Amino acid sequence: SLDAEKRLNVAESTPTLNGMMTTTAHPHSESESGNAALYNIGIDNPASSGRLFYRIYKSSMCELGETLTSEVLCSLPADNGLSYYHSFGITDRYFVFVEMPLKWSSSKLSLWRAHRHSFAESLSWIDSKATRFRLIDRKTNKEIPDVTYETDPLFCFHHVNAFEDEQNRRLVVDIICYPNGKFAIDSLYLKKLRENE
(Lines give C-alpha, C1' and ligand atoms only; values in the text may rest on other atoms or scores of the structure.)
Protein backbone atom coordinates (compact mmCIF):
# COMPACT_ATOMS: atom_id res chain seq x y z
CA SER A 1 0.00 0.00 0.00
CA LEU A 2 1.10 3.57 -0.61
CA ASP A 3 -0.72 4.83 2.46
CA ALA A 4 1.46 6.88 4.79
CA GLU A 5 2.22 5.07 8.03
CA LYS A 6 3.34 8.17 9.90
CA ARG A 7 3.83 11.87 9.33
CA LEU A 8 7.15 13.35 10.46
CA ASN A 9 7.54 17.06 11.11
CA VAL A 10 11.26 17.55 10.54
CA ALA A 11 11.32 20.96 12.27
CA GLU A 12 9.84 19.46 15.44
CA SER A 13 11.97 16.31 15.28
CA THR A 14 15.23 18.13 14.72
CA PRO A 15 15.62 21.32 16.78
CA THR A 16 19.01 21.84 15.11
CA LEU A 17 17.23 22.58 11.83
CA ASN A 18 14.49 24.75 13.30
CA GLY A 19 14.44 27.98 11.29
CA MET A 20 15.41 26.40 7.95
CA MET A 21 13.35 27.98 5.18
CA THR A 22 14.03 25.55 2.36
CA THR A 23 16.32 22.70 1.35
CA THR A 24 17.42 21.16 -1.92
CA ALA A 25 15.07 18.75 -3.64
CA HIS A 26 17.82 16.13 -3.87
CA PRO A 27 19.66 15.18 -0.68
CA HIS A 28 22.52 12.71 -0.90
CA SER A 29 22.50 9.47 1.06
CA GLU A 30 25.59 7.66 2.19
CA SER A 31 26.40 4.69 4.39
CA GLU A 32 29.11 5.31 6.98
CA SER A 33 30.27 2.21 8.87
CA GLY A 34 26.82 0.68 8.52
CA ASN A 35 25.01 3.87 9.57
CA ALA A 36 22.99 5.58 6.86
CA ALA A 37 23.07 9.38 6.63
CA LEU A 38 21.44 12.06 4.51
CA TYR A 39 23.25 15.25 3.50
CA ASN A 40 21.44 18.36 2.35
CA ILE A 41 21.70 22.14 2.10
CA GLY A 42 19.18 24.58 3.50
CA ILE A 43 18.92 28.29 4.20
CA ASP A 44 18.41 29.88 7.54
CA ASN A 45 15.31 31.95 8.09
CA PRO A 46 16.47 35.58 8.22
CA ALA A 47 14.19 36.17 11.20
CA SER A 48 16.10 33.63 13.29
CA SER A 49 19.66 34.76 12.50
CA GLY A 50 19.54 38.28 11.06
CA ARG A 51 21.95 37.15 8.32
CA LEU A 52 21.40 34.64 5.55
CA PHE A 53 23.44 31.45 5.49
CA TYR A 54 23.42 28.30 3.42
CA ARG A 55 23.69 25.42 5.91
CA ILE A 56 25.06 22.01 4.98
CA TYR A 57 23.69 19.45 7.36
CA LYS A 58 23.75 15.74 8.01
CA SER A 59 20.72 13.78 9.25
CA SER A 60 20.72 10.26 10.59
CA MET A 61 18.27 8.02 8.83
CA CYS A 62 15.89 6.48 11.31
CA GLU A 63 13.35 3.74 11.54
CA LEU A 64 9.73 4.80 11.50
CA GLY A 65 8.83 6.19 14.90
CA GLU A 66 12.39 7.11 15.90
CA THR A 67 13.58 10.68 16.36
CA LEU A 68 15.56 12.09 13.46
CA THR A 69 18.86 13.61 14.52
CA SER A 70 20.63 16.29 12.51
CA GLU A 71 23.72 18.41 12.83
CA VAL A 72 24.84 21.47 10.87
CA LEU A 73 28.24 20.70 9.36
CA CYS A 74 29.04 23.99 7.68
CA SER A 75 27.60 27.48 7.28
CA LEU A 76 28.25 29.47 4.11
CA PRO A 77 27.39 33.17 4.18
CA ALA A 78 25.03 34.25 1.39
CA ASP A 79 26.67 37.66 1.13
CA ASN A 80 26.07 37.97 -2.63
CA GLY A 81 22.31 37.62 -2.21
CA LEU A 82 20.37 34.44 -1.76
CA SER A 83 20.66 32.15 -4.79
CA TYR A 84 18.09 29.65 -5.97
CA TYR A 85 19.43 26.10 -5.74
CA HIS A 86 17.91 22.73 -6.53
CA SER A 87 20.74 20.27 -5.93
CA PHE A 88 24.43 20.09 -5.05
CA GLY A 89 27.43 17.85 -5.62
CA ILE A 90 29.27 15.54 -3.27
CA THR A 91 32.50 13.55 -3.60
CA ASP A 92 34.56 11.57 -1.09
CA ARG A 93 36.35 14.76 0.01
CA TYR A 94 34.12 17.69 -0.98
CA PHE A 95 30.68 19.20 -1.02
CA VAL A 96 30.18 21.29 -4.19
CA PHE A 97 27.73 24.18 -3.98
CA VAL A 98 26.95 26.22 -7.11
CA GLU A 99 25.89 29.77 -6.25
CA MET A 100 24.04 31.05 -9.32
CA PRO A 101 22.84 34.55 -10.27
CA LEU A 102 19.18 33.53 -10.02
CA LYS A 103 18.42 35.41 -6.81
CA TRP A 104 15.50 35.52 -4.38
CA SER A 105 14.01 38.92 -3.73
CA SER A 106 12.99 39.19 -0.06
CA SER A 107 10.40 41.86 -0.86
CA LYS A 108 8.86 39.68 -3.58
CA LEU A 109 9.00 36.66 -1.27
CA SER A 110 6.96 38.51 1.34
CA LEU A 111 4.38 39.36 -1.36
CA TRP A 112 4.31 35.71 -2.40
CA ARG A 113 3.39 34.68 1.13
CA ALA A 114 0.75 37.41 1.47
CA HIS A 115 -0.84 37.10 -1.98
CA ARG A 116 -0.05 33.47 -2.88
CA HIS A 117 1.77 34.34 -6.09
CA SER A 118 3.95 31.75 -7.75
CA PHE A 119 7.18 31.10 -5.86
CA ALA A 120 9.03 31.66 -9.15
CA GLU A 121 7.81 35.26 -9.26
CA SER A 122 10.19 35.95 -6.36
CA LEU A 123 13.23 35.20 -8.54
CA SER A 124 15.37 37.60 -10.58
CA TRP A 125 18.11 36.72 -13.06
CA ILE A 126 21.15 39.01 -12.70
CA ASP A 127 23.26 38.85 -15.89
CA SER A 128 26.05 40.91 -14.35
CA LYS A 129 26.79 38.37 -11.57
CA ALA A 130 29.11 35.42 -12.06
CA THR A 131 28.29 31.87 -11.04
CA ARG A 132 30.46 30.70 -8.14
CA PHE A 133 31.45 27.10 -7.44
CA ARG A 134 32.11 26.83 -3.70
CA LEU A 135 33.98 23.83 -2.26
CA ILE A 136 33.63 22.57 1.29
CA ASP A 137 36.19 20.15 2.71
CA ARG A 138 34.27 17.21 4.21
CA LYS A 139 37.01 16.49 6.78
CA THR A 140 37.12 19.99 8.25
CA ASN A 141 33.57 21.06 7.23
CA LYS A 142 35.02 24.40 6.17
CA GLU A 143 34.83 26.22 2.86
CA ILE A 144 38.05 26.27 0.85
CA PRO A 145 38.18 29.96 -0.14
CA ASP A 146 41.33 29.74 -2.28
CA VAL A 147 39.69 27.38 -4.78
CA THR A 148 36.37 29.16 -5.35
CA TYR A 149 35.82 29.08 -9.10
CA GLU A 150 33.80 31.72 -10.94
CA THR A 151 32.36 31.40 -14.42
CA ASP A 152 29.94 33.23 -16.70
CA PRO A 153 26.34 33.35 -15.47
CA LEU A 154 24.70 29.95 -15.77
CA PHE A 155 21.81 28.07 -14.23
CA CYS A 156 21.44 24.41 -13.33
CA PHE A 157 18.74 22.32 -11.75
CA HIS A 158 20.63 19.05 -11.47
CA HIS A 159 24.10 17.93 -10.55
CA VAL A 160 24.57 14.78 -12.59
CA ASN A 161 27.88 13.70 -11.10
CA ALA A 162 30.93 14.93 -9.21
CA PHE A 163 34.17 13.04 -8.77
CA GLU A 164 37.85 13.51 -8.06
CA ASP A 165 40.26 12.76 -10.91
CA GLU A 166 43.33 11.85 -8.84
CA GLN A 167 45.59 11.27 -11.84
CA ASN A 168 45.12 14.80 -13.19
CA ARG A 169 44.50 16.40 -9.76
CA ARG A 170 41.10 17.75 -10.80
CA LEU A 171 37.63 17.89 -9.41
CA VAL A 172 35.08 17.14 -12.14
CA VAL A 173 31.51 18.42 -11.78
CA ASP A 174 28.87 17.40 -14.34
CA ILE A 175 25.82 19.67 -14.35
CA ILE A 176 23.06 20.40 -16.84
CA CYS A 177 23.38 24.12 -17.62
CA TYR A 178 21.13 26.80 -19.03
CA PRO A 179 22.36 30.28 -20.03
CA ASN A 180 19.49 32.04 -18.24
CA GLY A 181 17.88 30.82 -15.03
CA LYS A 182 14.72 32.90 -15.18
CA PHE A 183 14.02 31.62 -18.69
CA ALA A 184 14.59 28.01 -17.53
CA ILE A 185 12.17 28.38 -14.60
CA ASP A 186 9.54 30.29 -16.61
CA SER A 187 9.61 27.69 -19.38
CA LEU A 188 8.25 25.11 -16.92
CA TYR A 189 4.89 26.82 -16.42
CA LEU A 190 2.10 24.55 -17.68
CA LYS A 191 0.92 27.23 -20.10
CA LYS A 192 4.40 27.39 -21.69
CA LEU A 193 4.67 23.61 -21.86
CA ARG A 194 1.31 23.39 -23.63
CA GLU A 195 2.36 26.07 -26.15
CA ASN A 196 5.33 23.94 -27.16
CA GLU A 197 3.36 20.71 -27.74
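Let's start with Tyr178. Tyr178 has a relative accessibility of 34%, so it counts as partly exposed. Keep in mind that this is a predicted model.

Now its partner. Phe157 and Tyr178 form an aromatic pair, and the geometry is edge-to-face. The centres are 6.3 Å apart, with 80° between the planes. Phe157 sits in strand β13, residues 155–165, and Tyr178 in strand β14, residues 170–178, so the pair ties together parts that are 21 residues apart in sequence. Is Phe157 buried or exposed? Buried, at 12% relative accessibility.

Next, the overall count. There are 12 aromatic pairs. Another of them is Tyr39 with Phe95: ring centres 5.6 Å apart, planes at 55°, so this pair is tilted. Tyr39 belongs to strand β3, residues 35–44, and Phe95 to strand β7, residues 94–99, so this pair links parts 56 residues apart in sequence. Both Tyr39 and Phe95 are buried.

Which residue puts its charged end over the ring of Tyr39? Arg138, at 5.1 Å from the ring centre. Arg138 also lies over the face of Phe95, again 5.1 Å from the ring centre.

Last stop, Ile126. You'll find Ile126 in the loop between β9 (123–125) and β10 (131–137). Its relative accessible area is 26%, so Ile126 is partly exposed. Leaving aside residues up to four places away in sequence, Ile126 touches Pro101 and Lys103. And look at Pro153: 27 residues from Ile126 in sequence, yet 8.2 Å away in space, C-alpha to C-alpha.

Definitions and conventions:
Residues are numbered from 1 along each chain as its sequence is written. This is a predicted model: local features need pLDDT of at least 70, side-chain atom pairs count only at pLDDT 80 or more; totals for chains, interfaces and linings use all residues. Side-chain values use heavy atoms; hydrogens and water are left out. Helices (H or I, at least four residues) and strands (E, at least two) are DSSP runs, numbered from the N terminus. Buried means under 20% relative accessible area, exposed over 50%, partly exposed in between (1.4 Å probe, protein chains only). Contact means heavy atoms within 4.5 Å. Rings of Phe, Tyr and Trp (its six-membered ring) pair if their centres lie within 6.5 Å; planes under 30 degrees apart count as stacked, over 60 as edge-to-face and the rest as tilted. A charge sits over a ring if NZ of Lys or CZ of Arg is within 6 Å of the ring centre and within 35 degrees of the ring normal.
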